[in-house]
Amino acid sequence: MALDYHRRMPPTGPETHGLREDSIFIRRFEVVVVDGPDRGARAVSSDDELTVGTAAGCHLQVTDPAVSRHHCAIRVTARGLELRDHGSTNGTFVGDHEFVRGYIRSGARLRLGATTVVVSILADEIAQPLASGSTFGDLVGGSPAMRRLYPMLERCAQSDATVLIEGETGTGKELVAEAIHLASTRRGKPFVVVDCGALPRQLTESELFGHVRGAFTGAEADRVGAFEQAQGGTIFLDEIGELALDLQPLLLRALENHTIRRVGTNDQRDIDVRVIAASHRDLRALVNEKRFRADLYYRLNVLRVVVPPLRDRDGDIRLLATHFWQMFRPDRPTPDDLVVELEAQTWPGNVRELRNMVERAALIGHTPTASEDDVPYGEAKERAIAEWERRFLTRLLQAHDHNLSRAARAAQMGRSHLRQLVRRYGLSRDDDDE
């Protein structure tokens, strides 16, 4: 049975993460092959993550055919070394246990196919600067996780290289992309957003690259696609992992040749567009599953930005709640009891869920939660049921990747009723299936 110890097993061992003055210090670690075809091979971390696999882009590249292209990654976190399997064919094992995601100790032996590696924390550190402010563009956050992100975004803005933004649903990936655009020399040009998960399958090529009149039934006039609309500026390809496999070579050609071809013609048009892509899915796992082209992944993954989830942003819930409240109710100060209640929640939907909750409280009013001893039985019962229902729906949606149809079938309830409940509790997101 594959185990996920992410929330259950606290790590032990030397401190791996620390703050001193205006920098964050991350301990280096090494991964050494101690058994298998590549015995003696070694890689030392140069950032907070080190990847292992047979692909050329992995930090530790091995030749073992039983190891997947992007087999697993080890990352330094404030809690210790986090191991994550990328949906490998043969799994990642620590002892007799197969790990999907969890924490490991320094000195842990990992079995990948016919290869065994040892992961060890080293004595030296990597220093990364923290921004002094609590904003970058429209991004708001004064936690170390966000202040570490801002200098990275500034460096991205100074380049025209393709950026791949990764992060859970609701973390603000589009805001990150727009912040990079507005800090770049392209800020006076268009910022065009394309939701790859919402594109009609039969019209995706036209939406991206345009078409000429008569190219297909219903094409009554020439149409400019998103790449041409973004000429001179930035195109943001949200949820790039949802792009159909047979359309990915067209995008790859556009990225490599800086040209596009409208549907219905062979004429190539030059484009000057900065590409930023984003995904809440792990594209490396999709490459392993042959649902995403490896060459397109490498072309997109030039500059990589990982947006932290809200649970890793210490102190930011209060800052964000105040920011959102002032957007909706600038005439009133933020209720402190509301902030206290918000800080006690886990926010699986991240910043988007928090914003929805604050908006609802600002528009329909906020009633502080009273002690159970001070409310009637019926009201206390309703609150308990509502809290249970919210937790149940949150776990249900996560288990089925927010696909309402699959979630409704699993829960044996009507899809329309599930949608109503999801909206009632502010758990909906832009890429829920409709």
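## Packing of α8 against α10

In this predicted model, helices α8 and α10 pack at an angle of about 45 degrees with their axes 9 Å apart, the axes being lines fitted to C-alpha atoms over the stretch in contact and angles running from 0 to 180 degrees between N-to-C directions. The two helices are therefore oblique to each other, a class left over once angles under 35 degrees are counted as roughly parallel, over 145 as roughly antiparallel and 65 to 115 as roughly perpendicular. The crossing in which α8 passes α10 is right-handed.

On the α8 side, I317, L320, A321, F324, W325, M327 and F328 take part, and they meet V351, L354, R355, V358, E359, A361 and A362 of α10, where contact means heavy atoms within 4.5 Å. Twelve of the residues in this contact are nonpolar, none is polar and two are charged.

## The buried side of α9

Helix α9, residues 336-343, has L338, V339 and L342 as its buried residues, buried meaning under 20% relative accessible area with a 1.4 Å probe and protein chains only. Because they cover an arc of only 100 degrees around the axis, they lie on the same side of α9. Their cover includes α8 (316-328) and α10 (350-364).

## E353 in α10

E353, which is placed in helix α10, is buried, with a relative accessible area of 4%. Leaving aside residues up to four places away in sequence, E353 touches W347, P348, R390, G426 and L427.

## Basis of the values

Residues are numbered from 1 along each chain as its sequence is written, and side-chain values use heavy atoms, without hydrogens and water. For this predicted model, local features need pLDDT of at least 70 and side-chain atom pairs count only at pLDDT 80 or more, whereas totals for chains, interfaces and linings use all residues.

Conventions:
Buried means under 20% relative accessible area, exposed over 50%, partly exposed in between (1.4 Å probe, protein chains only). Helices (H or I, at least four residues) and strands (E, at least two) are DSSP runs, numbered from the N terminus. The arc is that of the directions from the helix axis to the C-beta atoms. A crossing is left-handed if the near helix is turned anticlockwise from the far one by less than a right angle, and right-handed if clockwise. Ala, Val, Leu, Ile, Met, Phe, Trp, Tyr, Cys and Pro count as nonpolar, Asp, Glu, Lys and Arg as charged, and the others, Gly among them, as polar.
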